[in-house]
Amino acid sequence: MSGPRKLFVKSYGCQMNVYDSNRMADVLAPHGFIETAAPDGADLVILNTCHIREKAAEKVYSELGRIRKLKEAADRSNRHMLVAVAGCVAQAEGGEILRRASVVDLVLGPQSYHRLPDLIDRVAREGRVVDTEFPVEDKFDFLAPPSREATRARGVTAFVTVQEGCDRFCTFCVVPYTRGAEVSRPVAQIVAEVERLAAAGVREVTLIGQNVNAYHGAGPGRAEWTLGRLLHRVAEIEGIARLRYTTSHPADMDDSLIAAHRDVPQLMPCLHLPVQSGSDRVLAAMKRRHTRTRYIEIVERLRTARPDLALTSDFIVGFPGESDEDFHETVTLVDHIGFAGAFSFKYSPRPGTPAAVMADQVSDEIKVERLARLQAAIDRHQAAFNARTLGMTFSVLLEKPGRHPGQLVGRSPYLQPVQVMAPPDLIGEIVAARIIEVGPNSLFGVLDEPLKPMRPQRAALAVAGA
Ligand code: SF4
């Protein structure tokens with residue numbers, strides 16, 4: 001292949017897509033592609049799409065309208081811009097994308113990223129290509145690791161996919177159709193990836209998967225490891241000071257994982273545990289395979305293991321058949337658990353999912369009204385949680401320059417952004433910071449004097465019963 005070519009990747013949606021976008025850049029780097037921050041002037045534009053949000057496909061088509069203008073401008077100056085659509089919308093829509101958007105040259109599903117260089121060559125030889133198969137080979141065996149420089153440039157925190165796909169088939173969700181059956185990566189492969197990240201200066205790793213706590217990868221001797229056991233092993237890697245994992249299903253919170261919250265100090269006291277609804281009737285219709293009571297029991301066990309644990313969650317309001325009483329159960333669950341934050345969405349049907357054709361679809365008017373009430377309850381608990389940090393001192397991993405000169409921004413153990421005045425050579429350090437102001441979107445702290453980088457420690461912020 002000839003000289004450097006510019007690659008622009010736009011990521012939509014979850015952390016898994018951010019991770020995948022990085023891996024696509026890594027696989028293309030040895031083929032002369034250098035990442036660029038804007039699509040104009042790019043030789044290859046990849047839209048890495050997400051199907052979770054409402055009207056996801058329509059958003060992709062409107063973005064492709066903008067890309068078409070850039071491609072036409074490139075043609076006028078005798079440059080060729082290749083346009084690819086990747087991710088879950090690509091998987092779901094397949095050839096339909098080529099039919100509706102003449103600007104697109106390549107459509108590839110999430111299991112095909114390791115084949116990107118070959119697919120680009122195929123487009124050059126044969127014209128437009130669709131690759132949305134679930135190949136038999138494991139893409140992770142073929143994906144190139146990033147260079148040390150690329151890892152450094154991405155910062156001191158990193159995502160590592162440990163599990164992909166899902167076998168649970170919640171009735172509202174497209175993931176089992178777009179990402180396929182659940183697959184766990186072997187322990188050795190994950191450890192090698194985290195060791196590479198640590199050697200390049202990464203301090204915090206988030207293990208990710210569509211249903212991450214269903215992890216059951218092969219350990220040494222081919223015995224299956226749980227996520228809890230994997231966390232213990234990854235915590236041993238020199239340089240890794242903080243661990244997180246997401247996204248979890250309540251029914252897959254096993255004993256080893258709950259114990260890891262007690263026994264692994266690197267595991268941050270912050271867990272995203274989607275519940276979706278507080279009503280057993282709705283949970284059954286969603287096929288969530290846990291009840292309200294079971295969820296509360298799991299939270300109680302987690303808080304016993306790690307008393308300073310902060311919980312966040314996801315909620316869907318207006319699921320088909322949701323009555324006023326069902327919705328009331330959701331609000332009372334929010335008050336009972338005292339979430340430190342949550343994402344809440346109006347139910348919107350995803351084509352091909354069982355819930356899309358259920359009777360008793362809830363009107364948009366009711367969904368809007370319920371969503372506002374739920375968000376008010378969540379906001380109240382989140383504000384109370386943040387307010388309790390005032391005057392506290394906890395560890396902050398300094399990640400990058402802040403908005404103002406002399407300022408750095410880092411993350412608290414609870415993932416809150418914390419702004420502090422600190423010299424730039426402290427990026428990558430974990431420092432003790434005392435919170436002196438709670439803003440709407442960040443906390444403001446001062447470094448403890450004398451300044452001392454910290455070992456991982458338990459933060460002292462009780463959230464139970466908030
Ligand atoms: S467990 Fe999560 S990813 Fe799997 S089907 Fe349910 S909502 Fe989707």
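Visitor: In this predicted model, in which sense do strand 15 and strand 18 pair, and over how many bridges?

Guide: Strand 15 covers residues 393–401 and strand 18 covers residues 430–438. Within this pairing, Thr393 has Arg434 in strand 18 as its bridge partner. The two strands run in the antiparallel sense, and the pairing extends over 5 bridges.

Visitor: Which strands close into a barrel, and in what order?

Guide: The barrel is built from 5 strands, and their pairing is mixed. Neighbouring strands of this sheet are turned against each other, with direction ignored, by 55 degrees on average. The order in which the strands close is 15-16-17-19-18.

Visitor: How many aromatic pairs are there, and what is the angle between the planes of Phe169 and Tyr177?

Guide: The count comes to 7 aromatic pairs. Phe169 and Tyr177 form one that is edge-to-face, with the ring centres 5.6 Å apart, and the angle between their planes is 80 degrees.

Visitor: Are Phe169 and Tyr177 buried, exposed or partly exposed?

Guide: Phe169 has a relative accessible area of 37%, while the value for Tyr177 is 39%. Buried would require a value under 20% and exposed a value over 50%, so Phe169 and Tyr177 are each partly exposed.

Visitor: How are the rings of Phe394 and Tyr414 arranged, and how far apart in sequence are the parts that this pair ties together?

Guide: Phe394 and Tyr414 form an edge-to-face pair, at 6.2 Å centre to centre and with 70 degrees between the planes. Phe394 belongs to strand 15, whereas Tyr414 sits in the loop between strand 16 (407–411) and strand 17 (417–421), so the pair ties together parts whose separation in sequence is 20 residues.

Visitor: Are Phe394 and Tyr414 buried or exposed?

Guide: The relative accessibility of Phe394 is 1%, and the relative accessible area of Tyr414 is 6%. Because a value under 20% counts as buried, Phe394 and Tyr414 are each buried.

Visitor: Which residues surround the ligand, and how many of the shell are nonpolar, polar and charged?

Guide: Among the residues around the ligand are Cys166, Arg168, Phe169, Cys170, Phe172 and Cys173. Val175, Pro176, Gln210, His249 and Arg288 also belong to these surroundings. By class, the shell divides into 7 nonpolar, 2 polar and 2 charged residues.

Visitor: Which residues do ring pairs link into a cluster with Phe172?

Guide: Phe172 is one of the residues surrounding the ligand. Ring pairs also join Phe172 into a cluster, and the other members are Phe319 and Tyr347.

Methods:
Residues numbered from 1 in each chain as written. Predicted model: local features only at pLDDT ≥ 70, side-chain atom pairs only at ≥ 80, totals over all residues. Heavy atoms only, no water. Near = heavy atom within 4 Å. Nonpolar A, V, L, I, M, F, W, Y, C, P; charged D, E, K, R; others polar. Pairing = 2+ DSSP bridges. Helix = DSSP H or I, 4+ residues; strand = E, 2+ residues; numbered from the N terminus. Axes fitted to C-alpha atoms, helices over the stretch in contact; angles between N-to-C directions. Phe/Tyr/Trp six-rings, centres within 6.5 Å; stacked < 30°, edge-to-face > 60°. Buried < 20%, exposed > 50% of the residue type's maximum accessible area, 1.4 Å probe, protein only.
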